Amino acid sequence: MIRIPCPFCGPRDHAEFSYGGDGSITYPALDAPLEAWHDAVFLRENICGRQVETWQHVHGCRLWLKVERDTMSHEIYSVTPADPALAKVLEGGE
Amino acid sequence: MTARRLDQGGRIDRATPLTFRWDGKELTGYAGDTLASALMANGERVLGRSFKYHRPRGIMSAGVEESGAIVSVGQGARQEPNVKATMQELYEGLETRGQNAWPNVRRDLGAVNGLFGRFLAAGFYYKTFMGVPLFEWGRGTGLWMKYETLIRKAAGMGRASREADPDQYDHAHAFCDVLVVGGGPAGLRAALTAAEAGRDVILVEQDFELGGDLLNDPAGEAERGALVRSVERAGVRVMTRTTAFGLYDMGVAGLVERVSDHLSAPAAYLPRQRFWTVRAGATVLATGALERSVAFGGNDRPGVMTANSGRSYLNRYGILPGERIVVATTNDSAYVTAGELAAAGAEVTIAEARNAPGCELPAGVTLRTGVAPLKAEGRSKLRALRLARPNGAGWQAAGREACDLLLVSGGWSPVVNLASHRGVKPEWDAELACFLAGDCDEPVYMAGSAAGVWTREACETSGVEVAKRAMGLASNPPAAGGWTAPIRPLYEVRLPGRKAKAFVDPQHDVTCSDVRLAHQEGFVSVEHLKRYTTLGMATDQGKMGNIIGLALMAEALGKEIPAVGTTRFRPPYTPVAIGALAGRNVHGHFKPLRRTPLHDWNLRQGATMTDAGLWHRPWYFAGPGETLGDAYVREAATVRQTVGICDVSSLGKIAVQGPDAAEFLNRVYTNGFAKLAIGKARYGIMLRDDGMVMDDGTTWRIGEADFLMTTTTTNAGRVMVWLEELLQLRWPELKVHVTSVTDQWAGVSVAGPKSRAVVAACLRDPDSVSHETLPFMGVAPVVLRDGTEGLIARISFSGELAFELYVPGNYGEAMMEQLWTAAARHEGCLYGLEALGTLRIEKGHVTGAELDGRVTIRDAGLGGMASTKKPYIGKALQERPELQRPDRPRLVGILPKDRSKTFNGGALLCKPGAQSGFGEGWVTAVTHSPALGHWIGLGYISGGHDQWVGQLAIAADPVRGEPVEVEIVSPHMFDPEGVRMHG
């Protein structure tokens with residue numbers, strides 16, 4: 001029953017969102033070797049504590065978000081749009 | 001006990017008599033009664049039969065912890081089992097029954113089980129019936145299953161109705177600054193304090209009246225009334241008949257409000273219950289404490305109750321619950337009760353386990369010190385109590401007291417359940433002999449007797465101070481405790497070497513010997529003890545018995561209670577109806593229904609609909625007297641002979657627009673899209689990161705920066721999310737925008753040799769669909785004869801010459817009317833999903849059944865569409881060595897060797913004579929092909945059809961039918977060259 005403060009829509013129930021995955025992963029280039037893709041797709045840390053996740057506000061603005069959340073307490077430390085340009089706009093930048 | 005209603009006193013309204021039925025008998029109670037108090041006033045003693053031994057049980061308490069008076073309420077579809085009579089408000093016409101008994105609870109033949117008690121101890125049926133040679137040797141578990149059925153019939157609780165629940169339930173949400181759970185002295189004070197400080201407060205009380213223990217005290221009525229009025233004036237939102245059954249993350253509480261369970265004729269618009277999700281800034285748990293019993297022989301007899309419930313029946317319900325009453329206590333709390341009962345005319349003896357009372361002896365009460373209850377005598381009626389006195393570490397007999405009611409106080413257990421839901425560990429307080437909630441790192445605070453504060457004044461202070469704490473202010477709540485003399489911790493009384501049925505958990509018939517047996521057999525952890533004996537697993541979830549069970553285990557282990565630990569309480573605090581959890585999300589509202597723009601038109605044409613994801617789509621259009629089988633075969637044959645029209649509006653449609661749209665699609669699809677010409681469509685396959693096929697569909701290039709992607713019906717949402725993820729997370733530099741336009745278009749497929757003639761007849765410019773103007777895979781804007789503008793693409797799923805025609809959704813029916821009129825001239829038909837399936841299976845075209853998330857593009861026979869010239873999503877990982885194995889299952893066509901036979905979708909494909917394990921493959925789809933004149937199928941088999949030339953396989957489906965010999969062929973079973981489609 002956690003709530004996620006969507007940077008565009010405001011705080012909303014998590015039922016409006018869908019969980020994506022590990023937000024710390026940088027996916028390799030499409031032509032990167034098999035090993036690089038293997039590591040990016042299959043290797044995950046099972047973190048007890050603070051981790052970065054991706055969520056989509058699928059029943060709202062449909063923004064993909066990076067959410068910093070504590071896996072034990074569900075405390076949410078930060079939520080930003082995954083798209084850096086959108087993040088900037090919402091922060092009031094250019 | 002010989003209970004009788006007093007002429008005055010109590011909170012019941014004697015001017016409002018209520019008639020209700022108990023086991024077919026018509027009885028009368030009053031407004032303000034619970035079912036339990038009304039039955040007690042009518043002299044009903046045996047209200048239930050126990051779980052295993054069918055022992056007679058009566059009222060044991062006056063609250064949620066009730067373990068004896070468990071009954072069935074309502075009738076027909078509204079029959080509800082396992083209702084605690086102590087919690088059921090009485091209303092006119094209430095229909096109630098005893099349960100787990102035959103013919104009734106007073107004379108129950110099942111009581112014969114009691115004679116075999118020693119065979120029914122903890123874990124008995126595992127030991128008796130599982131793996132014992134006499135019963136089961138070499139027979140597997142078959143026999144065990146039979147015994148289990150019999151045993152389950154003999155043991156048990158009430159029966160639920162087999163009919164669908166006719167009631168409505170609502171879901172509601174609320175927010176507040178402070179949620180106060182419990183409307184007793186502490187809760188009322190806490191709510192008032194917070195509300196007067198300007199906070200938005202919700203006060204929840206499971207009872208139908210506010211006051212908690214104040215309701216049991218006539219002297220406190222003036223104070224109670226004033227307090228309740230101030231709470232209401234202060235703007236507290238009061239919710240009675242509402243249970244906070246669970247606490248969840250981030251201040252969320254789950255509540256169930258019983259809206260109309262107490263009404264004889266609720267208004268039709270009222271839901272039966274409301275399920276509330278409350279988000280609170282802070283939560284004060286003033287949930288009170290439950291009095292617990294002591295384990296001694298016959299402690300479950302009708303006539304044995306907790307001490308404070310005696311006070312409740314006297315003062316709240318105006319009943320003298322017994323005439324000769326023994327109050328057996330270990331602490332000071334029972335003295336007031338004893339005094340009030342004596343004043344009301346009962347003969348009262350206190351059996352004090354301590355050597356001296358901690359408070360003054362009330363007038364008219366006899367006191368015996370240093371004695372504890374040893375054995376309750378009688379059967380369905382209490383006759384006497386045998387007493388015991390300490391003898392060294394054990395006990396010795398100490399005489400007998402005739403009595404018709406025994407009130408027991410073994411101490412008080414604060415209700416820490418809700419805090420436990422938040423992971424707060426209960427900590428044992430040896431001085432108070434109870435668990436108290438430890439610290440919580442969330443804004444959840446215990447107040448009043450839930451925090452171990454025993455006196456009313458201190459509870460009220462506790463409410464005030466804890467409310468301050470909940471508001472972040474300085475506060476100084478009173479410490480736990482409050483009795484002048486300490487409690488004598490007492491959990492069990494027995495004579496050495498004597499057997500007695502002493503119940504720890506009366507609801508599940510768990511006795512002291514069961515706990516000791518569990519210990520003897522090595523189940524020493526509390527978690528194992530619980531599961532082996534089922535202690536604390538009944539509908540009260542251990543409210544009555546847990547602590548006695550822990551104490552016995554601690555004794556057996558030679559440890560202290562804290563060293564044994566306790567099990568964690570989990571939601572719900574009291575049972576919650578499944579209907580309340582479901583709310584309005586039932587029947588047609590269980591999931592959203594999506595209708596295409598042509599939905600009504602299809603129905604008017606006689607479509608039988610079927611589910612496709614959330615959509616309803618035409619399944620088949622039966623002619624007069626036609627079955628599904630007749631209809632789809634005719635439809636598929638008509639498409640191949642002349643023309644058919646099918647509603648394909650549910651296909652996912654995504655507008656992919658922007659200067660980088662072509663580059664984006666080129667990365668998403670395995671085949672090239674960068675050079676797709678404007679006015680052309682291309683079939684594409686997209687993979688997941690891990691190299692497995694995600695979805696397929698055609699994408700149309702409408703302009704330089706304007707594409708229309710189609711997806712399968714069921715994957716449309718998922719593909720949309722995926723494209724958004726790629727654009728926002730991985731490739732934000734791409735200038736592309738994706739928009740779901742599925743609902744904006746009505747789309748039909750017109751397929752068959754006459755499809756061009758039919759479409760042309762409906763267009764302003766019939767030449768716009770000529771082979772030259774619109775070649776295979778061509779896309780163009782079109783204008784219908786009535787001026788409607790749309791899009792047309794020459795694409796085919798059926799393998800016939802075919803067109804997909806899209807117009808804005810609201811013009812769908814008009815388009816259909818024109819097409820259908822034209823098709824009628826060619827003896828065309830409408831076709832549904834079943835015929836669509838036939839046509840695509842004949843052609844070996846894949847759908848969700850084949851693209852099930854486990855197959856690579858090569859497995860699906862589409863390896864040629866995997867570009868070698870460019871990278872794309874999933875390319876790297878589809879090269880994993882395991883996915884290259886030549887024996888991986890590949891898409892094949894399947895024909896029965898005996899063409900008159902059929903086989904089942906889902907059957908396993910095996911080598912002849914090797915029908916075991918996972919086989920060599922599986923069947924994904926089966927249909928009767930009118931083009932080929934027999935049954936055909938698609939499936940996957942190891943190595944693909946090249947490996948099976950000249951070899952038969954077996955389609956094995958042992959659950960549903962006989963194995964069938966099948967030939968494995970190319971999936972392109974009809975018109976493999978595609979002549980018809982290009983014609």
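How many helices and how many strands are there in chain A?

1. Ground rules. This is a predicted model, in which local features need pLDDT of at least 70, side-chain atom pairs count only at pLDDT 80 or more, and totals for chains, interfaces and linings use all residues. Residues are numbered from 1 along each chain as its sequence is written, while chains are lettered from A and ligands numbered from 1 in the order in which they are written.

2. Chain A. To settle the opening question, chain A has 2 helices and 6 strands; helices (H or I, at least four residues) and strands (E, at least two) are DSSP runs, numbered from the N terminus. Along the sequence they come in the pattern β-β-β-α-β-β-β-α. The C-alpha atoms of chain A fill a box of roughly 40 × 35 × 20 Å along the principal axes. Of its 94 residues, 18% are buried, where buried asks for 20 or more other C-beta atoms within 10 Å of the residue's own, exposed for 12 or fewer, and partly exposed lies in between, with C-beta atoms placed from the backbone. Among contacts in chain A with a separation of 6 or more, 48% join residues 24 or more positions apart; a contact means that two C-beta atoms, placed from the backbone, lie within 7 Å.

3. Chain B as a whole. Chain B holds 25 helices and 49 strands, and its C-alpha atoms fill a box of roughly 110 × 75 × 55 Å along the principal axes. Here 52% of the 983 residues count as buried. For contacts with a separation of 6 or more, the share from residues 24 or more positions apart is 66% in chain B.

4. Where the chains meet. The contact draws 23 residues from chain A and 22 residues from chain B. On the chain B side, helix H19 (716-730) and helix H23 (875-878) each supply at least two residues, and H19(B) gives the largest share, with 6 residues. By type, the chain B side divides into 11 nonpolar, 1 polar and 10 charged residues. In this scheme Ala, Val, Leu, Ile, Met, Phe, Trp, Tyr, Cys and Pro are nonpolar, Asp, Glu, Lys and Arg are charged, and the others, Gly among them, are polar.

5. A parallel stretch around E10(B). Strand E10 (residues 201-204) of chain B points Val201(B) and Leu203(B) one way and Ile202(B) and Val204(B) the other, and all are buried. Strand E9 (residues 169-181) of chain B pairs with E10(B) in the parallel sense over 4 bridges; pairing requires at least two DSSP bridges between the strands. Across that pair, Val180(B) stands opposite Leu203(B). E10(B) also runs parallel to strand E11 (residues 237-239) of chain B, joined by 3 bridges, and Ile202(B) has Arg237(B) as its bridge partner there. The chain crosses from E10(B) to E11(B) through helix H6 (residues 221-233) in a right-handed β-α-β crossover, meaning that the path from the first strand over the helix to the second runs clockwise when the strands point away from the viewer.

6. An open sheet. In chain B, 3 strands form an open antiparallel sheet in the order E21-E22-E23. Strand E21 (372-378) and E23 of chain B stand at the edges with a single partner strand each, so one side of each has no neighbour in the sheet. Neighbouring strands are turned by 30° against each other on average, direction ignored; axes are lines fitted to C-alpha atoms, for helices over the stretch in contact, and angles run from 0 to 180 degrees between N-to-C directions. Strand E22 (residues 382-391) and strand E23 (residues 394-402) of chain B pair over 7 bridges, including Asn391(B) with Gly394(B) and Ala384(B) with Ala402(B). These two strands form a hairpin with 2 residues between them, and Gly392(B) in the turn has a positive phi of about 65°.

7. A closed barrel. Also in chain B, 6 strands run E44-E47-E46-E45-E48-E49 as a closed barrel with antiparallel pairing, and neighbouring strands are turned by 45° on average, direction ignored. Strand E44 (residues 889-896) and strand E49 (residues 964-969) of chain B are joined by 4 bridges, with Leu895(B) partnered by Glu967(B). Helix H22 (residues 833-843) of chain B packs on this sheet, touching strand E46 (921-929) and strand E47 (934-942), and its direction makes about 120° with that of E46(B).
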